[in-house]
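Student: I have a structure to read and I'm new to it. Can you walk me through it?

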Amino acid sequence: MHLLKLESVSRDFDVSRPWLNRVLEGEPRRLLRAVDRVSFEVTKGETLALVGESGCGKSTVARLIVGLHAASEGQVEFRGRRMQMIFQDPYASLNPRWRVRRIIEEPMMFLEKKRDAGDLLRQVGLSPDDAERYPHEFSGGQRQRISIARALAGEPDLLICDEPTSALDVSVQAQILNLMADLQDRLGLTYVFISHNLAVVSLVADRVGVMYFGRLVELASAAELFRRPRHPYTRMLLDAVPDLQMSGKARTPVAGEVPNPLAPPSGCAFHPRCPHANERCRVEAPKFLDHVACHAVEEGRI
């Protein structure tokens, strides 16, 4: 049974000019669709990763899940008790004027929970004595551990992790990822992991959803997606990953530019960058069939 379910969820943002300018100049309202009919389920205890280039809508999906944005269309269904979010920047997500104890205890006060801040710090690999220090006294990796301790304070069933390691040094990223995996095993946590880094995703995810231009274009188990990517965009992302095994495989940079969201292309949004696009791709948007949205896949051309 699913813990989280998104069903045809969309989010529009009003990017119109001020009302008086529109009236005087006869301009219509302008809406930017950041998320377009995204659907998926997350089962208790698994890690679902959402990946894609900057601006693809993955962080907006994270904010829709936790309620920081309201869906313009569709439904978000959560069957657990609580969810928490781990933000991308540990420097900006902690109040610099508060001691760590108060930072961790704040959600417990709101939820009327009683847990020891020192025990939570110990769970994330820090000392209980660190509760009396200020955020500026810690390194980036230690601050992210504090952010994780704060998230755990509310005893969540689901953690939304919005690029939790991208602001950290590479040497620290592995430590945080190992910590998150250990906490998931011990506490039975469920993760929605937002990232643009496929190398990181390959280490943590059970399933991967690939997003492009606000839409989900492929959804598969991590093992299947990395072994046999189906959508041309997924293939392009994987071809750009550095060859850490030194196998001699050439690294191909991601080609083309993301379209202007205020002037989206007709048909499939990926067709201006796709080597397999044909006339159907230019005029008809593909449906999400068999966990992939691509006319070339549907027609057996790739």
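Tutor: Let's start with pairing: two strands pair if DSSP finds at least two bridges between them. Helices (H or I, at least four residues) and strands (E, at least two) are DSSP runs, numbered from the N terminus. Here, strand 8 (residues 207–212) and strand 9 run antiparallel, joined by six bridges. Within that pair, Val210 stands opposite Glu218 of strand 9.

Tutor: Some ground rules: this is a predicted model, where local features need pLDDT of at least 70 and side-chain atom pairs count only at pLDDT 80 or more, while totals for chains, interfaces and linings use all residues. Residues are numbered from 1 along each chain as its sequence is written, and side-chain values use heavy atoms, with hydrogens and water left out.

Student: In what order do the six strands of the open sheet lie?

Tutor: The order is 5-6-7-3-8-9, with mixed pairing. At the edges sit strand 5 (83–86) and strand 9 (215–221), each pairing on one side only. From one strand to the next, the twist averages 15°.

Student: Which helices pack on the sheet?

Tutor: For directions, axes are lines fitted to C-alpha atoms (for helices, over the stretch in contact), and angles run from 0 to 180 degrees between N-to-C directions. Contact means heavy atoms within 4.5 Å. Helix 5 (residues 140–153) touches strand 5 and strand 6 (158–162), and its direction makes about 170° with that of strand 5. Helix 6 (residues 170–187) touches strand 3 (47–51), strand 6 and strand 7 (190–195), at about 160° to the direction of strand 7.

Student: Is Gln144 buried or exposed?

Tutor: Buried means under 20% relative accessible area, exposed over 50%, and partly exposed in between (1.4 Å probe, protein chains only). Gln144, which belongs to helix 5, has a relative accessible area of 0%, so it counts as buried. Leaving aside neighbours within four places in sequence, its contacts include Ile86, Phe87, Pro164 and Ile176.

Student: And Trp19, buried or exposed?

Tutor: Trp19 sits in helix 1 (residues 19–25) and is exposed, because its relative accessible area is 59%.

Student: How many residues of helix 9 are buried?

Tutor: Helix 9 (residues 232–239) is mostly covered, with six of its eight residues buried. Among them are Tyr233, Met236 and Leu237. The cover over the buried residues includes helix 7 (198–204), strand 8, strand 9 and helix 8 (222–227).
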